[in-house]
Every structure is written in C-alpha cells, then in structure tokens.
Amino acid sequence: TCPRTEIMVHIDPVQGIASYIRGDFKVLFGDQDLSRSCEEGIYYPFNETCVDWDIVQLYNITGDYGENYNIAEIHPDEVQQLKQALMMYLGEQAPMQCQLPTITNSFPNDDVPYCLPFEFPDDVIPPWA
C-alpha cells in the first residue's frame, strides 16, 4: 500500500491544466486535450492564474479505475477542497516561468541552468529527456 494520501500529479501553465490526487479522489482542472503549445513572446506564469479552474473532472479512482464517470457535479465540496489544495501548492512555489528561450531572462540562463530531475549513466541524456 502506498503511504501517500496526497499526490501532486501535474501542473502545466501552457495547457492551463492541473491534476491532484487526495485519498480516493483525482481531480483534473482545465481542458485536457493538450493541443496548446508555447508561443513565442508569451510569458506563462506558474501561479494560481495558470490553471483553467472552470473546467473540472473528478473521479473516484478506487471505484472507477478507468476514470469513466465524472462525479464533479455530485461532489462540489471535494472539488473545492482539492482546488484549494492546488492553489495553496501553487502559492508556495518559487516564481517560475514556462517559456521559449527567445524571451528575455527565460530559463535556462547563466543564473538558472537547465537541470533534469534524473541522473543518467555517464551523463548521457537520452533523446526523450
């Protein structure tokens, strides 16, 4: 059994989406079609404004493994609690941006080098990373 009861799954400011798991529930905010991409000259903040909170899907992942039944409308309190948890998480993050290198002061730069959350053998970075 996993000892975790809460998992921050994903936040993508370009797509305007986020997902979070707490207990039996998984919430998805934003349009999950993933068709948007970074546009040159656009700044994508990583804060409470980066998620489309109006589009919501909620699933009971212990009873609906395939995530077939969106129960957001019958559990608005759970949706609100998970939204608050996500907003609190975003509020605690250091300023960050998702943007193209053509924008002034974008990452990576001399002050904030690009780094991966993985260690690769012989420092060879595979093409998928």
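Four strands make up an open sheet in this predicted model, in the order β1-β2-β3-β5 and with antiparallel pairing. Strands here are DSSP runs of E at least two residues long, helices are runs of H or I of at least four residues, and both are numbered from the N terminus; two strands pair if DSSP finds at least two bridges between them. At the edges sit β1 (6-12) and β5 (56-60), each pairing on one side only. From one strand to the next, the twist averages 10°.

Let's look inside the sheet. Strands β2 (residues 17-22) and β3 (residues 25-29) run antiparallel and are joined by 5 bridges. Ile21 stands opposite Lys26 in β3.

Across β1, β2, β3 and β5 lies helix α1 (residues 76-91), running at about 110° to β2. Such angles, from 0 to 180 degrees, are taken between the N-to-C directions of lines fitted to C-alpha atoms, for helices over the stretch in contact, where contact means heavy atoms within 4.5 Å.

Asp12 counts as buried because its relative accessibility is 18%, and buried means under 20% relative accessible area (1.4 Å probe, protein chains only). Its side chain reaches the backbone nitrogen of Gln15 at 3.2 Å. Not counting residues up to four places away in sequence, Asp12 touches Ile17 and Cys50.

A word on conventions: residues are numbered from 1 along each chain as its sequence is written, and side-chain values use heavy atoms, leaving out hydrogens and water. Since the model is predicted, local features need pLDDT of at least 70 and side-chain atom pairs count only at pLDDT 80 or more, while totals for chains, interfaces and linings use all residues.

Key: Buried means under 20% relative accessible area, exposed over 50%, partly exposed in between (1.4 Å probe, protein chains only). A polar contact is a pair of N or O atoms within 3.5 Å; within protein, one must be able to donate a hydrogen and the other to accept it, and residues adjacent in sequence count only if both atoms are side-chain atoms.
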